[in-house]
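Please study the sequence and the structure before going on to the points below.

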Amino acid sequence: MNCELDSDVAVIGGGPAGAALATFLTRLGHQCCLFEQAHFPRYHIGESLIPNTYTFFQKLGILPQLKKSDFPRKHSVRFVSPKGAETTPFYFSERIQGESAVTWQVERGAFDQIMLNHAQCNGVIVKRGTRVERVLFDGDRANGLMVKQNGGGCFKVRARVVVDASGRATLLGNQLGLKRPVPCLEKSSVWGYYKHGARLPGIDAGETTIFRTHKGGWFWYIPLPDDIVSVGLVDETNAVFGDLCDPKQRLLNEVRQCRPLADRLREAALTEPVRGLKNLAYYNTHTCGPGWIMVGDARAFLDPIYSSGLFLALGSAEAAAQCIHEALEEDDVSAVRLGKFESALGDGVDTIHHLIKAFYDPTFSFGKFARRFPEQKTALVDCLIGDVIKDMSGFRQALGKMIPSPPSLQRL
Ligand SMILES: Cc1cc2nc3c(=O)[nH]c(=O)nc-3n(C[C@H](O)[C@H](O)[C@H](O)COP(=O)(O)OP(=O)(O)OC[C@H]3O[C@@H](n4cnc5c(N)ncnc54)[C@H](O)[C@@H]3O)c2cc1C
């Protein structure tokens, strides 16, 4: 088999992380070849953005497309107790000035297509309908890919740096045996789409509402275009998949038992299909090595509660692109060089992890935390908007007085 392609950087996966990273690197003057197994638009879960994604959209140059889209504008988040008690909505404008205080609820087929087309317009070589079979190594140094064309044969790609942006498929994590479950975070999810779910008036129409359930789980309620609402349950794997119920019956039963949510869906009809996913959380013991690096969900995924997935996908993509650029310029693609950004990102992920543990602890509430540590209220809000890639040690220490800190994923 002949080597058919040569590239500075070969990217596995054309989701938001892969598309953003390849765009940034191409603009910095490097040739980037991106392999995506699907033909877009393709379905994907993960529809709610947080405000700190704004800077990435601005740098990428896709704000005009988002502004003219029909994606609902998201100004706020609200939590509702199982009995229907509602927190005051948290409006992002309380912390952020200007237009970046409003973000979007995106239909991912359309959003991901905008991102990938934009990458191509910026000069990224996008190969759709190509599945990466495995990463090729010379010793421990990654130096290319084995790629299979849909319905065709295999070909090799040679690259100076390989980026795994394959999302939950975690191609390199599986190939190198690095993927692990996150201790004590065994959640699963079932979700579907309702037509004609109730919308709140005014600027609350596009809010994310989190409905807590009696059993310790929660539902997301995310308004989307065309009068569709995305509704999903997250709970312990046993609670979601523990009996013989099919996902649709499970979703319908649980919605029925969550009265405030059932009220919002009184006039609504569930559309097909209902989807489910087991064991949401995982991480990799190493996320970079000589000639390779992981970004987005290919690195790790914790929990959807704070809608941080797309923010971390874009954040890791931007930071990794900068490190790859410097590594290529200096002809040093060692793990140390490529992974220079990792400890700052890892600290941010640890902060989110700690707050996730707090959310699932029945003794914890945001109100209690804010009353006990009023000086940390701003930091709490920063977590909700995604402003976590900075020194949050004071916040973590305060939180640790109420909820023990989970082990750092960087040191497990
Ligand atoms: C239940 C649930 C709810 C969520 N809700 C939210 C939310 O509200 N807000 C939020 O921000 N995030 C949410 N997320 C997380 C969000 O979906 C992800 O963080 C985000 O999609 C990560 O982007 P990515 O580019 O890393 O991966 P993906 O978007 O998964 O992209 C990976 C791409 O790689 C391609 N690929 C995979 N393997 C190969 C291969 N071998 N060869 C070629 N191509 C390949 C895939 O086809 C895919 O297009 C949620 C996740 C779950 C599970």
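In which sense, left-handed or right-handed, does α1 cross α9? The crossing of α1 over α9 is right-handed, where right-handed means that the near helix is turned clockwise from the far one by less than a right angle, and left-handed that it is turned anticlockwise. The model is a predicted one, in which local features need pLDDT of at least 70 and side-chain atom pairs count only at pLDDT 80 or more, while totals for chains, interfaces and linings use all residues. Residues are numbered from 1 along each chain as its sequence is written. Helices (H or I, at least four residues) and strands (E, at least two) are DSSP runs, numbered from the N terminus.

- Two packed helices are described by the angle between their axes and the distance between the axes.
- Axes are lines fitted to C-alpha atoms, for helices over the stretch in contact, and angles run from 0 to 180 degrees between N-to-C directions.
- Helix α1 (residues 16-27) packs against helix α9 (residues 309-329) at an angle of about 30 degrees, and their axes are 8 Å apart.
- The pair α1 and α9 is therefore roughly parallel, a term for angles under 35 degrees; those over 145 count as roughly antiparallel, 65 to 115 as roughly perpendicular and the rest as oblique.
- On the α1 side, the contact with α9 includes Pro16, Ala17 and Phe24, and on the α9 side Leu310, Glu318 and His325 are among the residues involved; two residues are in contact if their C-beta atoms, placed from the backbone, lie within 7 Å.
- By class, the contact of α1 with α9 has 13 nonpolar, two polar and one charged residues; Ala, Val, Leu, Ile, Met, Phe, Trp, Tyr, Cys and Pro count as nonpolar, Asp, Glu, Lys and Arg as charged, and the others, Gly among them, as polar.
- Helix α1 also packs with helix α4 (residues 108-121), at an angle of about 25 degrees and with the axes 9 Å apart.
- This angle makes α1 roughly parallel to α4 as well, but here the crossing is left-handed.
- Pro16, Ala19, Ala20, Ala22 and Thr23 of α1 meet Asp112, Met115, Leu116, His118 and Ala119 of α4.
- The contact of α1 with α4 comprises seven nonpolar, two polar and one charged residues.

**The seven-stranded sheet**

- Strands of a sheet pair through backbone hydrogen bonds, either parallel or antiparallel.
- An open sheet of seven strands has the order β5-β4-β13-β14-β15-β12-β16, with mixed pairing; two strands pair if DSSP finds at least two bridges between them.
- Because β5 (90-91) and β16 (269-277) are at the edges and have a single partner strand each, one side of each is left without a neighbour in the sheet.
- Strands β4 (residues 76-80) and β13 (residues 208-212) run parallel and are joined by four bridges; Val80 stands opposite Phe211 in β13.
- Helix α7 (residues 247-257) lies across β12 (187-195), β15 (228-236) and β16, and runs at about 110 degrees to β16.

**Other strand pairs**

- Three strands form an open sheet in the order β11-β17-β20, and their pairing is antiparallel.
- Strand β8 pairs with strand β9 (residues 141-149) over eight bridges in the antiparallel sense, and Val135 has Leu145 as its bridge partner in β9.
- The hairpin of β8 and β9 has two residues between the strands, and Gly139 in the turn has a positive phi of about 65 degrees.
- Strand β9 also pairs with strand β10 (residues 154-164), again in the antiparallel sense, over five bridges.
- Four residues lie between β9 and β10 in their hairpin, where Gly151 has a positive phi near 70 degrees.

**The ligand**

- The ligand is surrounded by 36 residues, of which the closest are Gly15, Gly46, Gly167, Gly296 and Gly309; a residue is near a molecule or strand if its C-beta atom, placed from the backbone, lies within 6 Å of it.
- Two or more residues of this shell come from each of α1, β2 (32-36), β8 (130-138) and α9.
- The shell contains 16 nonpolar, 15 polar and five charged residues.

**Backbone details**

- The peptide bond between Phe40 and Pro41 is cis, with omega about 0 degrees, and Pro41 lies in the loop between β2 and α2 (54-60).
- Glu272 and Pro273 are joined by a cis peptide bond with omega near -10 degrees, and Pro273 belongs to strand β16.
- His196 is not a glycine, yet its phi is positive at about 70 degrees.
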